Number of protein chains: 2
Amino acid sequence: MMSSIQIQPVAPAQTSAMQEHNHCATCSLHKLCLPTGLGDDEMSRLDSIIGRRRRVQRGTNLYRTNDPFTKLYAIRVGHFKTFQINAGGEQQITGFQMPGELLGMDAIGTGRHHCGAMALEDSEVCEIPFAKLEVLFAEIPQLLRHFHRLMSQEITREQNAMLLLGSMCAEQRLAVFLVNTGARYAARGYSANNFQLRMMREEIGNYLGLTIESISRLLSRFKKRGLLKVSNREIEILNPMILRAMAAGTELSR
Amino acid sequence: MMSSIQIQPVAPAQTSAMQEHNHCATCSLHKLCLPTGLGDDEMSRLDSIIGRRRRVQRGTNLYRTNDPFTKLYAIRVGHFKTFQINAGGEQQITGFQMPGELLGMDAIGTGRHHCGAMALEDSEVCEIPFAKLEVLFAEIPQLLRHFHRLMSQEITREQNAMLLLGSMCAEQRLAVFLVNTGARYAARGYSANNFQLRMMREEIGNYLGLTIESISRLLSRFKKRGLLKVSNREIEILNPMILRAMAAGTELSR
DNA sequence: CGCCGACTTGACATTAATCAAATGTAGTGG
DNA sequence: CCACTACATTTGATTAATGTCAAGTCGGCG
């Protein structure tokens with residue numbers, strides 16, 4: 001249930017994901033991440049500016065709201081949530097991030113982070129100094145183009161979240177969340193219909209603009225109807241067709 | 001109540017905003033728009049790639065969801081809304097745009113527009129061919145940097161909308177909307193406390209995840225409490241302090 | 001074994017939606 | 001200028017969806 005990485009032995013790392021001197025070229029995520037579309041030479045130039053791989057323990061902040069912005073972060077291992085804090089001190093989660101995704105793009109505008117980012121499990125990120133990245137943009141047009149693509153995707157992702165929060169009922173929101181989460185795992189080579197949630201029910205609810213009780217009830221209802229198998233944070237989608245229809249708003253209960 | 005531009009005489013234009021051959025340098029919005037921070041020379045190079053000024057009549061689409069993306073649009077005159085259409089054919093408005101703002105950045109990722117954009121009044125935009133802009137990026141680092149700032153701001157704007165939709169009650173949402181709208185007019189040299197709404201109540205409600213009836217009731221309530229003067233679409237904020245406190249969630253009714 | 005935090009479930013309350021008029025406003029044509 | 005029409009908006013009554021509060025239950029860990 002917990003992340004596999006707990007206490008890191010000083011001994012030589014075992015898996016490729018844990019080696020200290022990994023490079024984009026050997027990273028299984030380079031099809032999703034910043035170096036997408038680069039040739040070998042360009043990729044190694046990008047590699048050369050990436051400072052270090054940094055471990056982030058479960059529950060610790062990669063950065064906090066208002067921290068000065070100097071780096072983007074590419075998730076190599078693990079999951080994160082990003083969130084804002086309102087005047088009352090409560091958090092609103094604005095997204096969950098997976099390996100291969102970029103964190104920190106919202107900070108470019110003001111030079112300060114606009115939201116906080118916390119690891120949902122023991123994680124590892126590549127630090128990308130933004131000033132150095134800007135130098136590379138001038139030299140590698142492909143890189144710049146893909147960076148624009150990523151920022152734009154971030155915008156559409158958030159517009160989709162607005163659609164969800166602004167116009168969907170609770171049931172539909174959760175269906176969308178489950179279908180999307182599965183699709184994102186599928187893009188990473190995992191099963192779309194069988195995955196482990198990395199966040200608490202409360203965090204799902206927070207993200208979807210619902211309470212923990214609503215999430216719990218909805219999961220139970222989905223289970224009762226045979227759409228899902230749920231065991232703790234383990235999700236199996238038994239009827240993807242109907243779940244997708246619910247997410248699209250085509251098929252809502254009663 | 002309507003836009004001042006109705007039928008365009010073929011005679012020489014009267015105001016600077018209506019001249020055919022305007023340039024960024026003479027545009028009152030260049031402090032907000034894409035050329036921000038450029039020198040005279042660079043600005044005229046940007047100018048040279050801007051195809052033409054295009055009029056967009058009230059109620060017509062600048063682009064629609066799924067249209068191929070070739071240009072960004074800078075609003076010169078008028079107001080727009082951007083929106084998505086869900087499976088049921090209803091729209092969800094994702095933003096209202098003002099002069100000086102850039103439209104179309106969400107389309108860079110896929111090469112197709114992800115939402116539609118419709119003029120709320122007779123409007124005018126500068127067309128910016130994106131392929132040509134990319135060439136300029138390589139030559140004018142200042143321009144690239146500011147473009148990144150604008151995209152990033154778009155991300156934070158949408159994150160703020162998520163905060164609003166995900167965690168605020170109806171009253172707070174409308175207070176935030178009014179305060180933000182005023183602030184945006186203030187950034188353009190107009191009054192923050194005295195402005196005209198360019199959209200229908202229904203569109204405000206749609207954007208805020210509420211119904212038209214809720215908006216109407218809330219406006220009446222604000223009026224009754226002496227926070228606002230409302231006459232059709234004309235808004236005067238009589239008590240900005242309290243309205244801001246409501247927007248921050250500090251001061252909610254009873 | 002027992003504690004603690006996460007989750008589930010039930011009863012009830014509340015917010016905002018829905019439904020239904022009534023009223024106001026802008027534009028049109030006589 | 002006025003009557004007429006088509007919308008847009010306001011207001012009231014009622015309902016439905018989701019939140020809140022309050023027990024419980026489950027599962028992992030010391």
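Predicted model: local features only at pLDDT ≥ 70, side-chain atom pairs only at ≥ 80, totals over all residues.

**How the two copies meet**

Let me begin with the interface. Of the interface residues of chain A, 100% are also interface residues in chain B, so the copies meet through the same surface.

How are the two chains related? Chain A can be laid on chain B by a turn of 180° and a shift of 0.0 Å along the axis, with an RMSD of 0.0 Å. The two copies are therefore related as by a two-fold rotation axis.

I turn now to the sheets of chain B. One is an open sheet of four strands, in the order E2-E7-E4-E5, and its pairing is antiparallel. Strand E2 (61–63) and strand E5 (91–97) of chain B stand at the edges; each has a single partner strand, so one side of each is left without a neighbour in the sheet. On average, and with direction ignored, neighbouring strands of this sheet are turned by 30° against each other.

Within this sheet, strand E4 (residues 80–85) and strand E7 (residues 116–119) of chain B pair over four bridges in the antiparallel sense. Which residue stands opposite B:Thr82 in E7(B)? That residue is B:Ala117. A helix also packs on the sheet: H5 (residues 201–208) of chain B touches E4 and E5 of chain B, and its direction makes about 100° with that of E5(B).

A further open sheet of four strands in chain B has the order E1-E8-E3-E6, with antiparallel pairing. Its edge strands are E1 (53–56) and E6 (102–103) of chain B, each of which pairs on one side only. Strand E3 (residues 71–77) of chain B is joined to E6(B) by two bridges, and these strands run antiparallel. Here B:Ala74 stands opposite B:Leu102 in E6(B). Helix H2 (residues 130–139) of chain B lies across E3 and strand E8 (123–129) of chain B, running at about 60° to E8(B).

Finally, I come to the nonpolar cores. The largest has 72 residues, and those with the most contacts inside it are Leu174, Phe177 and Leu228 of chain A, together with B:Leu174, B:Phe177 and B:Leu228. What does A:Leu174 touch, not counting residues up to four places away in sequence? Its contacts are A:Ile204, A:Leu208, A:Ile215, A:Leu218, A:Leu219 and A:Phe222. Apart from this core lies another, of 56 residues, including A:Leu72, A:Ala107, A:Leu143 and B:Ile128.

Thank you for your attention.

Terms used. Residues numbered from 1 in each chain as written. Chains lettered and ligands numbered in written order. Heavy atoms only, no water. Pairing = 2+ DSSP bridges. Axes fitted to C-alpha atoms, helices over the stretch in contact; angles between N-to-C directions. Contact = heavy atoms within 4.5 Å. Least-squares fit on C-alpha atoms with pLDDT ≥ 70 in both. Core = buried A, V, L, I, M, F, W, Y, C linked by side-chain atoms within 4.5 Å. Buried < 20%, exposed > 50% of the residue type's maximum accessible area, 1.4 Å probe, protein only.
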